[in-house]
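In these notebook entries I record what I looked up in one structure. The entries follow the order in which I took up each topic.

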Amino acid sequence: MVLFHYALVDDLITPEEFERRVEEKIDECGDLLDEPTAAMLVVGALGRQHVKIRALSGKSSLFCFFARVIDKTEPREFDRRDGEKGWVATLLVGDETGTTRVVLWDERAGAVLEIAIGDVLEVIGRHPGKNMREIYALALRKASCEITCTATAGGNAAGLSTEPVDLDVILVGMDAPRTFTRRDGTTGEMMECVIGDAEGTARVVAWVPDLLRDIPAGSTIHITGAKPDRRSEGRAYCIDETCTVSRSDTLVTIPFAALASVSDTGTYSVRGEVKAVQEPRSFTSRDGTASWVRNIRIGDGDEELKVVLWGEKALVPVLPGDRVEIFHAAAKPGRFGGIELGVGRGSVLRIPHEESRAITFTGTIIPGNGCTFIDDGTERFLVTGDLPAGHDVRITGVLCGSRIIPEVVEPADKDPDQVAARLAALAARLDTPAPP
């Protein structure tokens with residue numbers, strides 16, 4: 001048992017020195033510690049600590065963590081390039097901070113036969129190269145500690161099964177088809193989409209874009225034979241010529257997370273009111289193409305969340321007061337503290353349809369933080385377009401929610417009675433006496 005934890009510090013001290021320190025720690029505590037606990041204390045004293053799953057993306061080359069088993073595969077035999085046989089098995093494990101896949105090779109693969117769903121394990125392992133979504137197990141053992149994990153295979157966590165599944169989902173959004181080159185040099189088309197159901201959102205890669213080409217975003221669809229993509233993080237599927245996609249009348253709802261529940265890792269769907277907007281900023285991406293980024297802030301009640309819009313989503317016209325819905329966006333720690341939600345490729349930004357009506361409104365143009373208002377002393381609306389600040393105008397257009405989309409803008413006549421009425425209304429709003 002001592003050698004299990006020694007793997008965490010084998011680059012620091014010898015096995016004999018490690019055993020000596022463990023025995024010394026047990027003696028110091030009057031035999032109140034068992035050997036594994038004493039070994040963990042020695043490891044901690046040497047600067048190596050157990051981490052949570054969200055910290056597995058750190059720079060360390062070796063990790064030790066506790067996690068509960070969510071799903072597993074049976075050991076599978078395969079042929080190596082040199083002709084030798086090998087064995088591999090995979091565990092899906094999680095804690096309160098997330099999930100990860102633990103891969104066991106060769107003689108370690110047989111250990112899954114002794115592991116049951118729900119078991120708590122202590123795992124020592126490292127990432128395979130730059131792949132941060134998997135841990136190659138160097139050692140693991142069952143542990144008696146309690147682990148909080150709400151993820152379930154096939155529910156809010158992607159399981160390990162690769163068997164095709166049928167789905168009733170909402171087609172939330174899709175990117176434009178793009179061309180790719182196969183290994184044999186031929187080209188084809190693919191399209192990336194976001195779907196959602198009661199379990200949340202998922203990414204879909206359509207290798208036959210025609211399956212979805214005539215289906216508008218927001219439609220409920222039935223997919224047969226979707227293939228789980230276990231190489232991706234979170235829920236993901238592929239559909240090809242063996243699949244079918246059809247419109248469906250099934251009632252499907254997608255849950256939204258409360259802004260207060262968003263942590264600094266994971267993928268979320270949220271909605272709220274735009275509280276602040278910055279102007280889009282252009283930049284040059286790594287491949288030399290021009291792109292854009294924009295920061296906004298949304299709120300739901302007392303909670304607010306920073307949101308970063310990337311690419312074409314940064315050019316979507318959003319203004320303070322707009323209601324927005326965001327699907328399948330990745331959370332991470334913000335550069336200047338707090339949490340921010342990134343909405344780029346693979347995410348969807350949607351402004352729900354609002355009932356509109358014709359309107360003619362006269363007022364003063366007032367600039368705001370990234371937006372423009374028209375105010376008549378009693379009512380105030382957002383207004384789109386480049387309008388002269390401080391001028392009185394009459395706008396004829398369409399009112400959508402709290403925003404006026406102008407069709408005709410003309411200078412307003414300064415009627416003395418109207419000016420006096422507007423000043424009185426403004427004074428009443430400020431709770432001060434009206435001017436004589």
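Entry 1. I began with Tyr136, which is partly exposed at a relative accessible area of 27%; here buried means under 20% relative accessible area, exposed over 50%, and partly exposed in between, with a 1.4 Å probe and protein chains only. The model is a predicted one, in which local features need pLDDT of at least 70 and side-chain atom pairs count only at pLDDT 80 or more, while totals for chains, interfaces and linings use all residues. Residues are numbered from 1 along each chain as its sequence is written, and side-chain values use heavy atoms, with hydrogens and water left out.

I then searched the whole structure for aromatic pairs and noted six. For this search, rings of Phe, Tyr and Trp (its six-membered ring) pair if their centres lie within 6.5 Å; planes under 30 degrees apart count as stacked, over 60 as edge-to-face and the rest as tilted. One of the six is edge-to-face and joins Trp105 and Tyr136, with 5.5 Å from centre to centre and 75° between the planes. This pair links distant parts of the chain, since Trp105 is in strand β4 (residues 98–105) and Tyr136 is in strand β6, 31 residues apart. Helices (H or I, at least four residues) and strands (E, at least two) are DSSP runs, numbered from the N terminus. I recorded Trp105 as partly exposed, at 29% relative accessible area.

Next I took up Phe283 and Trp310, an edge-to-face pair with centres 5.9 Å apart and planes at 90°. Phe283 belongs to strand β15 (residues 281–284) and Trp310 to strand β17 (residues 303–310), so the pair ties together parts that are 27 residues apart in sequence. Phe283 is partly exposed at 30% relative accessibility, and Trp310 is partly exposed at 38%.

I also noted that ring pairs link Phe78, Trp105 and Tyr136 into a cluster.

**Entry 2. A charge over a ring.** I found the charged end of Arg380 over the ring of Phe373, 4.7 Å from the ring centre. The rule is that NZ of Lys or CZ of Arg is within 6 Å of the ring centre and within 35 degrees of the ring normal.

**Entry 3. Salt bridges.** How many salt bridges does the structure hold? I recorded 25, a salt bridge being a side-chain nitrogen of Lys or Arg within 4 Å of a carboxyl oxygen of Asp or Glu.

I looked up Arg54 and Asp264, whose closest N and O atoms are 2.8 Å apart in a salt bridge. Arg54 lies in the loop between α3 (35–45) and β1 (63–72), and Asp264 in the loop between β13 (244–247) and β14 (267–277), so the pair ties together parts that are 210 residues apart in sequence. Arg54 is partly exposed at 38%, and Asp264 is partly exposed at 26%.

Arg68 forms a salt bridge with Glu146, with 3.6 Å between the closest N and O atoms. Because Arg68 lies in strand β1 and Glu146 in the loop between β6 (134–142) and β7 (165–174), the pair ties together parts that are 78 residues apart in sequence. Glu146 is exposed, at 71% relative accessibility.

Glu189 forms a salt bridge with Arg213, the closest N and O atoms being 3.3 Å apart. I placed Glu189 in strand β9 (residues 187–197) and Arg213 in the loop between β10 (200–206) and β11 (220–228), so this pair ties together parts that are 24 residues apart in sequence. Glu189 is partly exposed at 35%, and Arg213 is partly exposed at 41%.

**Entry 4. A network of charges.** Salt bridges link Glu17, Arg20, Arg21 and Glu24 in a network. I located Glu24 in helix α2 (residues 15–28) and recorded it as partly exposed, at 38% relative accessible area. Glu24 and Val42 are 18 residues apart in sequence, and their C-alpha atoms are 9.7 Å apart in space.

**Entry 5. The second largest pocket.** On a 1 Å grid over the protein atoms alone, a cavity is a set of points where a 1.4 Å probe fits but cannot get out, and a pocket is an open set with protein on both sides within 12 Å along at least five of seven lines; lining residues have an atom within 4 Å of a point. I noted about 550 Å³ of space in the second largest pocket; grid points are joined across faces, edges and corners, and a volume is the space filled by probe spheres set on the points.

Its lining has 20 residues, of which Asp175, Glu312, Lys313, Gly344 and Arg345 lie nearest the centre of the pocket. The elements that give two or more residues to this lining are β7, β9 and β20 (348–350). Strand β9 gives the most, with three residues.
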